[in-house]
2 protein chains.
Amino acid sequence: MEIVRVVLSGLPGKMATKVKEKVLGCDDFELLPCALTSKRHDSERLDGIELYGTQRRNEFLEDTEKHRPFIIVDYTTPDAVNENAEFYCTSGIPFVMGTTGGDREKLIECVEGSDICAVIAPNMAKQIVGLMAMFEYAATNFPGLFEGYGLEIVESHQSTKKDTSGTAKAMVKYFNKLGIPFNIDDIQKIRDPEKQREIGVPEEYLAGHGWHTYKLTSPDRTVYFEFTHNVNGRDIYALGTLDAIKYLHRKMEEGSKGRAYSMIDVLKGI
Amino acid sequence: MEIVRVVLSGLPGKMATKVKEKVLGCDDFELLPCALTSKRHDSERLDGIELYGTQRRNEFLEDTEKHRPFIIVDYTTPDAVNENAEFYCTSGIPFVMGTTGGDREKLIECVEGSDICAVIAPNMAKQIVGLMAMFEYAATNFPGLFEGYGLEIVESHQSTKKDTSGTAKAMVKYFNKLGIPFNIDDIQKIRDPEKQREIGVPEEYLAGHGWHTYKLTSPDRTVYFEFTHNVNGRDIYALGTLDAIKYLHRKMEEGSKGRAYSMIDVLKGI
């Protein structure tokens, strides 16, 4: 495979930094020495990378012209999602959007009306996206499969996360279709580091983890199912991002235009 | 729904007995007072049910003529599978084949060349069949999803079960396609009641249970998946059998002929 040139949007943010680390550690990629970021980090330099605030987008375009083609990875903030995407689309730069939030419909429309392609995925953890797709498949094809079963959902995340896990909420929808009336409010959220230590979250990941367990019990209690997916740190998301970049690169090489791909597309690899 | 008349093949065997209990406990069914069985139980009576050994098949046909239409549920022995199926097919009796073994290809051909339909399912536990279908879906659509992951499989069954769990073996095939090279010989089999008590199998189910756990760990050990399905006793299989009967009844009513349905068809309900 030819080397794919990559620009990061969102440095020095945590996810962008994690992707930077993985990109630098993989021979398949070349990290360009320029990156887009928010106004407040404008003109900073980070390990030889020059950061362009959003007010200097045109300058960024001129300075990166000679590096084309390249792919932008966006891990910024919800309020920047649509503005950034419009910039990428009108500038003809394919992008991987890992940032959540913003107007998602508008985001997809923007790509579909452009000459480029994008991978848009609020969750870049391939294996977890795969698991969710499995449950979506079951919910669609075997509605009511777990009728009568009791359900318990426990999720643990760093104490700074105030809202309920988006993955757990999506899973509730699938379980509902599978015949279990369960309310999102009944998801048990663990945010207390003391309790997290008790369930086994390693000390070094108390500040960054996503643990989920789903327990299903048959009405007569003779059958028990349990599904667990525990993620420590952010490596899985960064690794999935690399796969998304490679997929997008191939799609652009194949001449695909105006297509917004999902992580499911990346998983399918077709 | 109209009441479905049912005949059991395989009484006084354990599974046939369990299905008998469930059929009697459900208003949707009427259990006929005659049943097919092996030669050695011929002419026995069981709670008002007369057992016909295989040598008295013609007599059974004559005696049940007035009860038609009815559905036969077969929980006999591997060596009886094909002979019984041929008898049901030529006699125009739709059947649910829960017995494993025999020549499965011949079994399906037999149904396809007949005027009746059958549900053929070596595993009648709907929820477990559904779980396996989810993994088959993932293996087909996301090959290599768990590449690099480590896998551990532990299954526990009653001490009388000598071979490895068929479900675990089927799951290994899916995990292989998902990118994990794992050998069936590496499945950890627990057959010792002492160890089963340790992992929590209830005392009353030591003689009849099927517990399975699959543990997946990412190469860098930051991500962990666990899937568990624990079945105590045989109720789940009997309940799935009732669903298979209802499905088959509907298919016959719809005029379907010469079709061999699987448990996946029953799950899909179409």
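Trainee: Which residues in helix 3 of chain B are buried?

Mentor: Buried means under 20% relative accessible area, exposed over 50%, and partly exposed in between (1.4 Å probe, protein chains only). In helix 3 of chain B, the buried ones are B:Val81, B:Asn82, B:Asn84, B:Ala85, B:Phe87, B:Tyr88, B:Cys89 and B:Ser91. The helix runs over residues 81–91 and is mostly covered, with eight of its 11 residues buried. Before we go on, this is a predicted model: local features need pLDDT of at least 70, side-chain atom pairs count only at pLDDT 80 or more, and totals for chains, interfaces and linings use all residues. Residues are numbered from 1 along each chain as its sequence is written, chains are lettered from A and ligands numbered from 1 in the order in which they are written, and side-chain values use heavy atoms, leaving out hydrogens and water.

Trainee: What covers the buried residues of helix 3 of chain B?

Mentor: Helices (H or I, at least four residues) and strands (E, at least two) are DSSP runs, numbered from the N terminus, and contact means heavy atoms within 4.5 Å. The cover includes strand 1 (4–9), strand 3 (34–37), helix 2 (57–64), strand 6 (71–74), strand 7 (95–97) and helix 4 (104–112) of chain B. Just past the end of helix 3 of chain B, look for B:Gly92, with its positive phi of about 70 degrees.

Trainee: What about helix 1 of chain B: which of its residues are buried?

Mentor: For helix 1 (residues 14–24) of chain B, they are B:Met15, B:Ala16, B:Lys18, B:Val19, B:Lys20, B:Lys22 and B:Val23. Their cover includes strand 1, strand 2 (29–31), strand 5 (49–53), strand 6 and helix 8 of chain B. Pick out B:Ala238, which sits in helix 8 (residues 235–253) of chain B. Leaving out residues up to four places away in sequence, B:Ala238 touches B:Met15, B:Lys18, B:Val19 and B:Lys22. B:Ala238 counts as buried because its relative accessible area is 0%.

Trainee: And A:Asp235, is it buried or exposed?

Mentor: A:Asp235 is buried, since its relative accessibility is 13%. You'll find A:Asp235 in helix 8 (residues 235–253) of chain A.

Trainee: Which side chain does A:Asp235 make a polar contact with?

Mentor: A polar contact is a pair of N or O atoms within 3.5 Å; within protein, one must be able to donate a hydrogen and the other to accept it, and residues adjacent in sequence count only if both atoms are side-chain atoms. Here the partner is the side chain of A:Lys22, at 2.8 Å. Setting aside neighbours within four places in sequence, the contacts of A:Asp235 are A:Lys18, A:Lys22, B:Asp220 and B:Thr222.

Trainee: At what angle do helix 5 of chain A and helix 5 of chain B pack?

Mentor: Axes are lines fitted to C-alpha atoms, for helices over the stretch in contact, and angles run from 0 to 180 degrees between N-to-C directions. These two helices pack at about 125 degrees, their axes 9 Å apart. The contact comes from A:Ala133, A:Met134, A:Phe135, A:Tyr137 and A:Ala138 in chain A and B:Ala133, B:Met134, B:Phe135, B:Tyr137 and B:Ala138 in chain B.

Trainee: And how far apart are the axes of helix 5 and helix 6 of chain A?

Mentor: Helix 5 (residues 126–141) and helix 6 (residues 166–177) of chain A have axes 8 Å apart and an angle of about 20 degrees. On the helix 5 side of chain A, the contact residues are A:Ile128, A:Met132, A:Phe135, A:Glu136 and A:Ala139. Helix 6 of chain A brings A:Thr167, A:Ala170, A:Met171, A:Tyr174, A:Phe175 and A:Lys177.
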